[in-house]
Amino acid sequence: MKHFLRALSQFLVFVYCSLLWRGLKFLLRKVTGRCELQRICYNNKHGARRSLKIESSLKFSKNELLRSALSVDSDRVEKTIDDIMALKKINPDTNPQLGVSLGASLLQIVGYRALLLQVEKLRREAYDCENQEHEDMLLKLWKELRPDAPLSGRISKQWCEIGFQGSDPKTDFRGMGLLGLHNLLYFAEHDKTTALQMLSDSLQPKHNELNAAEWEQKSLDKAIGYSFAIVGINITELTYSLLLSGALKTHLYNVAPELPGLTHFQQTFCHLMQEFQRFWVEEDPSDIMEFNRVRAKFQRRVVRQLQHPDAALCPHFSASDLRLVNL
């Protein structure tokens, strides 16, 4: 009986709050002459502040058309906005900016979902040494990171020089699949100077405790730094988990003016690689055995950053600062 009364009490509180919220929304519409979507668009700048509120409004709407707007394909966004305007009895001729604002936010929302599906597909695709495309990508990664050192063979201990654990990198891609390889190659191709510097730093002895002669005698897999490729796969997992949990929405809604795509995800990965490098140096771990502790602490810091509605981890451009179109 006690459990029943507690459940009944919680249900009644929920019903009361729902009725109160609906009454408040009705009152606001009567006072302002605007529906909730209009108020959100007019009172919030483009980016996460606006798109997150629109997403929440649509998700918890009683109307099926509004709820289903979250799952439309990007090529149907314009038609969906027309349907929403008609449903809300909003004249597009007297409110032309509303359709543009709603459309931009809805593109971000459905684009995030499409990006998640694309990333998940890459993560689930296992590295296949019989697939020539996979092999070509891997060999290209070597050439980008070690341009002056020819690879002696596909199976070689040389792979340890760029931070793989053994003589065949394919075993290191098991957790993140092709997503890990795609991210590493993107970093090496599009931010080559930084990638090469990080690779060099990762192989250096801590605090220069060894002189040059002693360092030359050490094997590469016992470097006091960290394994570049393995860290890249770990940071890929971190970036993926942020995307999957929805934590990355603030960042992507703030840096992608409309559809967030794979390039935005990969740019975020590159930024997190650089930030982890700085964090690793700041933490000053005694050895590589502290990697999991440092990574977990780094992830907590990034999650805290992303909780701010104006978060932009790598603001190559800001959606709210665009001058080409008033969204």
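Student: Is F298 buried or exposed?
Tutor: In this predicted model, F298 counts as buried, because its relative accessibility is 1% and the cut-off for buried is under 20%.

Student: Which ring pairs with F298, and how are the two arranged?
Tutor: F298 pairs with F276. The ring centres are 5.4 Å apart and the planes stand at 80°, so this pair is edge-to-face; planes over 60 degrees apart fall into that class.

Student: Where do F276 and F298 sit in the chain?
Tutor: F276 belongs to helix α13 and F298 to helix α14, so their pairing ties together parts that lie 22 residues apart in sequence.

Student: What about F276 itself, buried or exposed?
Tutor: F276 counts as buried, because its relative accessibility is 1%.

Student: How many aromatic pairs are there by this rule?
Tutor: The count comes to 13 aromatic pairs. Another of these involves F276 and F291: the centres of their rings are 5.5 Å apart and the planes are at 65°, so that pair is edge-to-face as well. It links distant parts of the chain, with F276 in helix α13 and F291 in helix α14 (residues 291-306), 15 residues apart.

Student: And why does F291 count as buried?
Tutor: Its relative accessibility is 9%, and the cut-off for buried is under 20%.

Student: Which residues do the ring pairs link into a cluster?
Tutor: The cluster consists of Y226, F276, F279, W280, F291 and F298.

Student: New topic: which residues of helix α9 are buried?
Tutor: Helix α9 covers residues 192-202, and A195, M198, L199 and S202 are buried there. These residues lie on the same side of α9, because they cover an arc of only 100° around its axis.

Student: What do the buried residues of α9 pack against?
Tutor: They pack against four helices: α7 (132-145), α8 (177-190), α11 (228-245) and α13 (262-283).

Student: At what angle do α9 and α13 pack, and how far apart are their axes?
Tutor: The angle is about 30°, and the axes are 11 Å apart. The crossing of these two helices is left-handed.

Student: Which residues meet between α9 and α13?
Tutor: From α9, the residues are T194, M198 and D201; from α13, they are M273, Q274 and Q277. Sorted by class, this contact has 2 nonpolar, 3 polar and 1 charged residues.

Student: So which residue is both buried in α9 and part of that contact?
Tutor: That is M198: it is among the buried residues of α9, and it also takes part in the contact with α13.

Notes: Residues are numbered from 1 along each chain as its sequence is written. This is a predicted model: local features need pLDDT of at least 70, side-chain atom pairs count only at pLDDT 80 or more; totals for chains, interfaces and linings use all residues. Side-chain values use heavy atoms; hydrogens and water are left out. Buried means under 20% relative accessible area, exposed over 50%, partly exposed in between (1.4 Å probe, protein chains only). The arc is that of the directions from the helix axis to the C-beta atoms. Contact means heavy atoms within 4.5 Å. Axes are lines fitted to C-alpha atoms, for helices over the stretch in contact, and angles run from 0 to 180 degrees between N-to-C directions. A crossing is left-handed if the near helix is turned anticlockwise from the far one by less than a right angle, and right-handed if clockwise. Ala, Val, Leu, Ile, Met, Phe, Trp, Tyr, Cys and Pro count as nonpolar, Asp, Glu, Lys and Arg as charged, and the others, Gly among them, as polar. Rings of Phe, Tyr and Trp (its six-membered ring) pair if their centres lie within 6.5 Å; planes under 30 degrees apart count as stacked, over 60 as edge-to-face and the rest as tilted.
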